[in-house]
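Dear colleague,

Please find below the structure I promised to hand over, followed by my notes on what was found in it.

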Amino acid sequence: MATLPKWAMLRTDTDGQEKVFVDPNLAYPYYLSQLGLEVDRYGVEVAFLCVVRDIQKMFNGRVDIYIQPAPQWALAKLPNGLGIAKAHADIDLLYARLQSFSVQV
Amino acid sequence: MASSTSTRGRYAILGTYFRKETALTPGGFAVALITAAGVGTPGSPIAPNSTNCRVWADCAANEIPAGNGYTSGGIIIQANNTDWPSFVEDTNNNRAIIGMKTISWTASGGNLPASGPGAAYAILMDTTPSQNVIGIYDLGGNRIVSNSQQLVLQGLEYILG
């Protein structure tokens with residue numbers, strides 16, 4: 001397993017399962033900045049999907065992830081932007097772009 | 001990839017968790033491919049959705065033909081963390097997401113599908129006798145791969161939120 005980025009920590013959850021705890025206050029701004037995206041539903045969903053993909057990559061796919069509470073990142077509270085569906089449609093392309101950057105550690 | 005869940009799938013998930021309903025508890029799952037006819041006919045296609053595609057029988061007539069690397073009923077997915085490697089609890093959006101491993105079919109002996117207009121939807125169903133449909137994934141067009149090429153489904157997820 002690669003070194004986890006500073007926004008992620010491997011920890012045992014209350015259900016006894018080992019999970020990667022993600023701090024969205026650190027993780028989402030990183031991806032938004034790298035991809036030049038706004039803080040809206042589109043951008044934050046893209047950031048979320050990038051977080052999941054990067055963590056999966058570090059664990060060769062099999063991993064449980066816990067996104068820690070940070071209500072300011074709730075999609076419902078954000079402007080729509082291009083929307084959540086578009087984020088899912090675009091993620092392959094955007095994530096491929098991200099691969100040219102180094103992962104933040 | 002656009003997707004939707006089925007009402008039967010949600011029902012099955014709740015029945016399994018809260019009532020331990022034997023009839024709803026799957027030994028595993030399968031992902032099968034159907035054409036754009038969906039739950040209709042080739043002449044009158046109807047897109048499968050959360051309410052019209054509740055069990056495999058609703059759309060099985062439009063499964064792509066077996067052969068050239070495709071087996072009727074699709075690919076079996078086990079109920080374990082190997083075949084469902086990704087599991088996310090997103091507290092900020094009140095949702096949980098489980099992700100399936102990448103699955104693929106390799107065309108062998110000719111095009112896949114062997115005939116017809118191509119695969120337009122992937123159907124995730126359980127392996128109970130009812131074959132409850134859990135998820136419907138729009139492949140974004142009629143997909144045909146030529147001999148030795150792969151049809152790959154990556155990042156299939158089920159979101160409970």
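Lys86(A) and Asp90(A) form a salt bridge in which the closest N and O atoms are 3.1 Å apart, a salt bridge being a side-chain nitrogen of Lys or Arg within 4 Å of a carboxyl oxygen of Asp or Glu. Both residues lie in helix α3 of chain A, 4 residues apart, which is about one turn of the helix; that helix covers residues 84-98. Helices (H or I, at least four residues) and strands (E, at least two) are DSSP runs, numbered from the N terminus. Asp90(A) is buried, because its relative accessible area is 16%, whereas Lys86(A), at 37%, counts as partly exposed; buried here means under 20% relative accessible area, exposed over 50%, and partly exposed in between (1.4 Å probe, protein chains only). The side chain of Asp90(A) also makes a polar contact of 2.6 Å with that of Tyr42(A), where a polar contact is a pair of N or O atoms within 3.5 Å, of which, within protein, one must be able to donate a hydrogen and the other to accept it, and residues adjacent in sequence count only if both atoms are side-chain atoms.

Before going further, please note that this is a predicted model, in which local features need pLDDT of at least 70 and side-chain atom pairs count only at pLDDT 80 or more, while totals for chains, interfaces and linings use all residues. Residues are numbered from 1 along each chain as its sequence is written, chains are lettered from A and ligands numbered from 1 in the order in which they are written, and side-chain values use heavy atoms, with hydrogens and water left out.

Over all chains the structure holds 9 salt bridges. One of them joins Asp15(A) to Lys19(A), with the closest N and O atoms 2.9 Å apart; Asp15(A) is partly exposed at 45% relative accessible area, and Lys19(A) is buried at 8%. These two residues belong to a network of salt bridges that links Asp13(A), Asp15(A), Lys19(A) and Glu89(B). In chain B, the side chains of Asp83(B) and Lys101(B) meet in a salt bridge of 3.1 Å, N to O. That pair links distant parts of the chain, since Asp83(B) is in the loop between β3 and β4 and Lys101(B) in the loop between β5 (95-99) and β6 (103-106), 18 residues apart. Asp83(B) is buried at 6% relative accessible area, while Lys101(B), at 29%, counts as partly exposed.

Turning to the interface, the contact takes 23 residues from chain A and 15 residues from chain B, contact meaning heavy atoms within 4.5 Å. About 1400 Å² is buried between the two chains, and carbon and sulfur atoms give 44% of this; buried area is the accessible area (1.4 Å probe) that two parts lose on being put together, summed over both. On the chain A side, Phe48(A), Arg62(A) and Ile67(A) lose the most area to chain B, together 32% of what that side buries. The rule finds 2 salt bridges across this interface, and Arg95(B) forms a salt bridge with Glu45(A), with the closest N and O atoms 2.8 Å apart.

Strand β3(A) supplies 5 residues, the largest share of the side of chain A that touches chain B. This strand pairs with strand β4 (residues 86-90) of chain B in the parallel sense over 5 bridges, two strands being paired if DSSP finds at least two bridges between them, and Ile65(A) has Val88(B) as its bridge partner. Ser86(B), which lies in β4 of chain B, is buried at 4% relative accessibility; leaving out residues up to four places away in sequence, its contacts include Val52(A), Gln56(A) and Ile97(B).

Finally, strand β2 (residues 28-34) of chain B has 7 of its 7 residues buried, so it is largely enclosed by the rest of the structure. Gly28(B), Ala30(B), Ala32(B) and Ile34(B) point one way from this strand, and Phe29(B), Val31(B) and Leu33(B) the other way. Strand β2(B) runs antiparallel to β3 (residues 75-78) of chain B, joined by 4 bridges, and antiparallel to β7 (residues 119-126) of chain B, joined by 6 bridges. Phe29(B) stands opposite Ile77(B) in β3(B), and Val31(B) has Leu124(B) as its bridge partner in β7(B).

With best wishes
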